[in-house]
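Open the model in your viewer and get ready to select residues. We will go stop by stop.

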Amino acid sequence: MPLVRISHTADKPNGFSKALSIGVHRAMVDTFNVPPDDYFQIVTEHTAGAGLLGPSAFLGVAHTADLVMIQITCAEGRSVQQKKTLYSAIAEYLGISPGVRREDVVISLVETKRENWSFGNGIAQFAPTAPDDSQPENMVAPSAGPVDLLGARMLHTMLRVRDLDTSIAFYTRSLGMRLLRRTDFPDGQFTLAFVGYGEESNTAVLELTHNWDHQDYAMGSAYGHIAIGVSDVAAAARALAAAGVNVTRPAGPLKGDPNEIIAFIEDPDGYKVELIQRK
């Protein structure tokens, strides 16, 4: 849900503003767990020497007249390392396109609580449902029970992948899924591919996201695994190993439950996939 403000000097080549916008958004998608369609930005141009002011040098960093200032307002909760990685990615991507010097990329990150956002209809979509003392007396208090999402169901899980064709081959050929759709987004510089065992209309699927020109990702410690049910875990693990798939945990009983037979494999990006024996 970040809101990004990007300010730069005027008289730049055509496409300069758009390249800044794309570069900053790609960095947030790649490093800050921002969904590709979470794209809220304000990009402004300023006459040199008016409206965009900064020192010629600060903290040992020399700036030029082509300074680019970026303010990102986002929900609180990211780690210091995530912020450092984001700053580095933004500087790297803007250096590639539209060619901004790393020294001229100035970033300010403003964290705020989720209830401070409204994405339309005059509703604080992420505010707590329990009433508080600031609620007007004539406002109806929200229900304390479960929220009725009107037929909601799980749609997909998104994984960022380094080589989309290799990942599609793994999930379709090794695991027997079908490629349901694949779409390129040139403006955002990414491609989405959806794979699964059934149609998106009635089952959950995997969304494989490939950000163009991005080569690697850090495997976060919060990620666990994808689970797939099979009729014979041992046979499946043997067949996958013979096909060159990395079996990280051979078939066997789950610790603490001898009746649950499982195995673990890895996809081409190192994401864990659990095989569970269906009774």
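**Stop one: a salt bridge**

Select D66 and K12: their side chains meet in a salt bridge, 2.4 Å from N to O. This pair links distant parts of the chain, 54 residues apart. D66 sits in the loop between β4 (61-62) and β5 (68-75). K12 sits in the loop between β1 (3-9) and α1. Keep in mind that this is a predicted model. Colour by accessibility: D66 is partly exposed at 40%, and K12 is partly exposed at 25%.

**Stop two: another pair**

Now select D269 and R162. Their side chains form a salt bridge at 2.9 Å, N to O. D269 lies in the loop between β13 (257-266) and β14 (272-277), and R162 in the loop between β7 and α3 (164-174), so the pair ties together parts 107 residues apart in sequence. Is D269 buried or exposed? D269 counts as buried, because its relative accessibility is 13%, under the 20% cut-off. R162 is partly exposed, at 32%.

Move to K272 and E266. Their closest N and O atoms are 2.9 Å apart, in a salt bridge. Next, select R101, E103 and D104, which a network of salt bridges links. The whole structure has eleven salt bridges.

**Last stop: the largest pocket**

Show the largest pocket, with a volume of about 790 Å³. Of its 22 lining residues, N33, R160, A218, M219 and G220 are the closest to the centre. Then highlight α1 (16-31), α2 (80-96) and β7 (156-160): each supplies at least two lining residues. Which classes make up the lining? It has nine nonpolar, eight polar and five charged residues.

Terms used:
Residues numbered from 1 in each chain as written. Predicted model: local features only at pLDDT ≥ 70, side-chain atom pairs only at ≥ 80, totals over all residues. Heavy atoms only, no water. 1 Å grid on protein atoms, 1.4 Å probe; cavity = no way out; pocket = protein on both sides within 12 Å on 5 of 7 lines; lining within 4 Å. Points joined across faces, edges and corners; volume = space filled by probe spheres on them. Helix = DSSP H or I, 4+ residues; strand = E, 2+ residues; numbered from the N terminus. Nonpolar A, V, L, I, M, F, W, Y, C, P; charged D, E, K, R; others polar. Salt bridge = Lys/Arg side-chain N within 4 Å of Asp/Glu carboxyl O. Buried < 20%, exposed > 50% of the residue type's maximum accessible area, 1.4 Å probe, protein only.
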